[in-house]
Amino acid sequence: MIKTQCCIAGGGPAGIVLGYLLARAGIDVVVLEKHKDFFRDFRGDTIHPSTLTVLHELGLLEDFLQMPHSEVRRLSGNISGETLHIADFSHLPGPGKFLAIIPQWDFLNFLAERGKRFGGFHLLMETEARSAIVDDGRVCGIRAFARGEETNIEADLVVAADGRSSTLRDQIGGEVINIGAPIDALWMRLSKKPGDPQQTFGTIVPGGILVAIDRMDYYQCAFVIKKGAFAEMQRNGLEAFRARVATIAPFLADRVGELQTWDDVKLLTVAVNRLKTWSGPGLLFIGDAAHAMSPVGGVGINLAVQDAVAAANLLTEALRAGVPTEAELARVQQRRERPTRQTQSLQVFLQDRIINRVLDSRGRISVPWFVKLLNVFPILRQIPARVVGLGFRPEHVRTRALHGP
């Protein structure tokens, strides 16, 4: 039996950031991560200005930016051969005036290593949260398995940060509001070569959308498809898929052969949903466990980080005093639900009104009027930059470090 003040299920961005913040403030915290490391490809890699600001407030930004990364200061897209400018981050307040493109495992390892400097930070790898321990209607711990052996963790607060397929959400998460997503995405890795065009947003042609994220020595590519269309694409054969990728992004035509089998193409089933209630006695949901986001805008990591910052700000004193009340836990949802709903509404609008229509189109694509305005009046590019880069309610670190860096 392990006893702690806070047990967090899930070592993704929400769980690691919350664990770091609580341990920094002197709270004893146990973070459970079911894998032996953080290395999983085809996860979100965009660290937005809102998260860069959080790292700056923690005194970590300078060290973080020493790691290999690329910086996107402007977002552009190619629509039927025409380059259009979407967002300009250079005017944002704060230290982060760009998107930092860095593998998610580097971000998580960076925070985990620095979290270990605090005596109250305990990261248990290869330890999977299997179920909540409930006593008289209150969650008081987690039953976990580490390398085949059962481990029980008793905690004043359990936080489910174990993603959209959250085990705890399936067990006792309550009602899920499904908002819907008409698209899925196929992720793949293709090599980068000198002279490749800069890919900061994506390429859009009738019936196809491809985003190539620059990971310095290769591209992580997202091929957007209609929901449920992957099985038909597989029936049509890999060669037809390669040809379609080459048609959308001709500069990749000489390397689509790197996709040797369908194992090189990973399906991301897009979901947009959220829990009706994010908390209960002794239990709090944050990040994708509370609200699954579309990949549109690449905001998933950053919404999860914002949840974690808000939770730490609102619950640190309650944890110091003992067991947080239901009212104290509910304050996290009260703080974060509105920006979550606004972000999801915008994602659904873009999915339904633009992305879905592009995938259905066969003729030349008409550029949306608001995109035309962004290219006629450059100052307007600050609006999407603020929405994408900072979000609807950026959070700031309010907790104090009791010791250590």
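## Asp-307

Not counting residues up to four places away in sequence, Asp-307 touches Trp-278, Ile-286, Gly-287, His-291 and Arg-336, where contact means heavy atoms within 4.5 Å. The side chain of Asp-307 also reaches the backbone nitrogen of Gly-287 at 2.9 Å. A polar contact is a pair of N or O atoms within 3.5 Å; within protein, one must be able to donate a hydrogen and the other to accept it, and residues adjacent in sequence count only if both atoms are side-chain atoms.

Asp-307 is found in helix α8, residues 300–321. Helices (H or I, at least four residues) and strands (E, at least two) are DSSP runs, numbered from the N terminus. With a relative accessible area of 0%, Asp-307 is buried (buried means under 20% relative accessible area, exposed over 50%, partly exposed in between, with a 1.4 Å probe and protein chains only).

## Basis of the model

This is a predicted model: local features need pLDDT of at least 70, side-chain atom pairs count only at pLDDT 80 or more, and totals for chains, interfaces and linings use all residues. Residues are numbered from 1 along each chain as its sequence is written, and side-chain values use heavy atoms, with hydrogens and water left out.

## The chain as a whole

The secondary structure of the protein chain comes to 11 helices and 21 strands. Its radius of gyration is 21 Å, close to the 22 Å that the globule rule gives for 405 residues, so the chain is as compact as a globular protein of that length. The radius is taken over C-alpha atoms, and the rule is 2.2 Å times the number of residues to the power 0.38. Along its principal axes the C-alpha trace spans about 60 × 45 × 35 Å.

Of the 405 residues, 53% count as buried. Among contacts between residues at least 6 apart in sequence, 76% join residues at least 24 apart.

## Ser-70

Ser-70 is found in strand β4, residues 70–72, and is buried at a relative accessible area of 15%. Its side chain reaches the backbone oxygen of Asp-214 at 3.3 Å. Leaving aside neighbours within four places in sequence, Ser-70 is in contact with Leu-99, Ala-100, Ile-101, Asp-214 and Met-216.

## Val-348

Val-348 lies in helix α9, residues 326–360, and counts as buried at 15% relative accessibility. Not counting residues up to four places away in sequence, Val-348 touches Ile-179, Gly-180 and Val-272. The C-alpha atoms of Val-348 and Ala-144, 204 residues apart along the chain, are separated by 36 Å.
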